[in-house]
Amino acid sequence: MSEERNIDPFSIMILVLSVIAIVTEIIGPFAGFYLGGSSYRWSCLDCEYSTGLDYALQIIIIILFVIQIVIALNELLPNKFIPMDITKYGMYIAITTIVFAIVGLASFGITYAYYEWWPELGFYGLVIGGVLNTILFFLQQRNK
């Protein structure tokens, strides 16, 4: 008889959502503001109007999503490269990504409070990815 291995659907969804969140942060701006006279400025990984804190947090959040990808891959591989159960740490990391995204947006908003500012694709991708990954890590932990 062949031994059939069940693939964890939560890990696959976490993997896909983490990649999507990273891509939205890389290709889209994190936040923007209206400078006046039909001039708009953005905060992103290669924009000059990022504050120091929101820029640093964007990089840290990308690293946190990479860690979530590693945790999901660890659950998908038949021979785990991290032998202990680390899905609860994945949930904590996903919550941290949400908090860091909100703190980064608050930093941007405080810096450019004089202008009309708003969150952009990068922020929404990070927060939605963090919220969905938190839920998925919770469900994955609960179903073990």
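Start by selecting Tyr34 and Tyr40: in strand 2, Tyr40 is the bridge partner of Tyr34. Before you go further, keep in mind that this model is predicted.

**Stop 1**

Phe33 stands opposite Arg41 in strand 2. Strand 1 and strand 2 run antiparallel, and four bridges join them.

**Stop 2: the whole sheet**

Select strand 3 next. Strand 1 pairs with strand 3 as well, in the antiparallel sense and over four bridges.

In what order do the three strands form their open sheet? The order is 2-1-3, with antiparallel pairing. Strand 2 (40–43) and strand 3 (116–119) are the edge strands, each pairing on one side only. On average, neighbouring strands of this sheet are turned by 20° against each other, direction ignored.

**Stop 3: the cores**

Show side chains for Phe30, Phe65, Ala101, Phe123 and Leu126. These residues have the most contacts inside the largest nonpolar core, which has 16 residues. Which elements each supply at least two residues of this core? They are helix 1 (9–27), strand 1 (31–34), helix 2 (52–76), helix 3 (87–111) and helix 4 (121–142). Helix 2 gives the largest share, four residues. In soluble globular proteins, nonpolar side chains tend to be buried together.

Centre the view on Ala101. Leaving aside residues up to four places away in sequence, Ala101 touches Phe30, Ile61, Phe123, Leu126 and Val127. Then select Leu64, Ile71, Ala72 and Phe137, which are among the eleven residues of a second, separate core.

**Stop 4: a charged pair**

For the last stop, select Lys80 and Glu75. These two form a salt bridge, and their closest N and O atoms are 3.3 Å apart. The count for this model comes to one salt bridge. Side chains of opposite charge can pair when their charged atoms come close.

Lys80 has 38% relative accessibility, so Lys80 counts as partly exposed.

Technical notes:
Residues are numbered from 1 along each chain as its sequence is written. This is a predicted model: local features need pLDDT of at least 70, side-chain atom pairs count only at pLDDT 80 or more; totals for chains, interfaces and linings use all residues. Side-chain values use heavy atoms; hydrogens and water are left out. A nonpolar core is a set of buried Ala, Val, Leu, Ile, Met, Phe, Trp, Tyr and Cys residues joined through side-chain atoms within 4.5 Å. Buried means under 20% relative accessible area, exposed over 50%, partly exposed in between (1.4 Å probe, protein chains only). Contact means heavy atoms within 4.5 Å. A salt bridge is a side-chain nitrogen of Lys or Arg within 4 Å of a carboxyl oxygen of Asp or Glu. Two strands pair if DSSP finds at least two bridges between them. Axes are lines fitted to C-alpha atoms, for helices over the stretch in contact, and angles run from 0 to 180 degrees between N-to-C directions.
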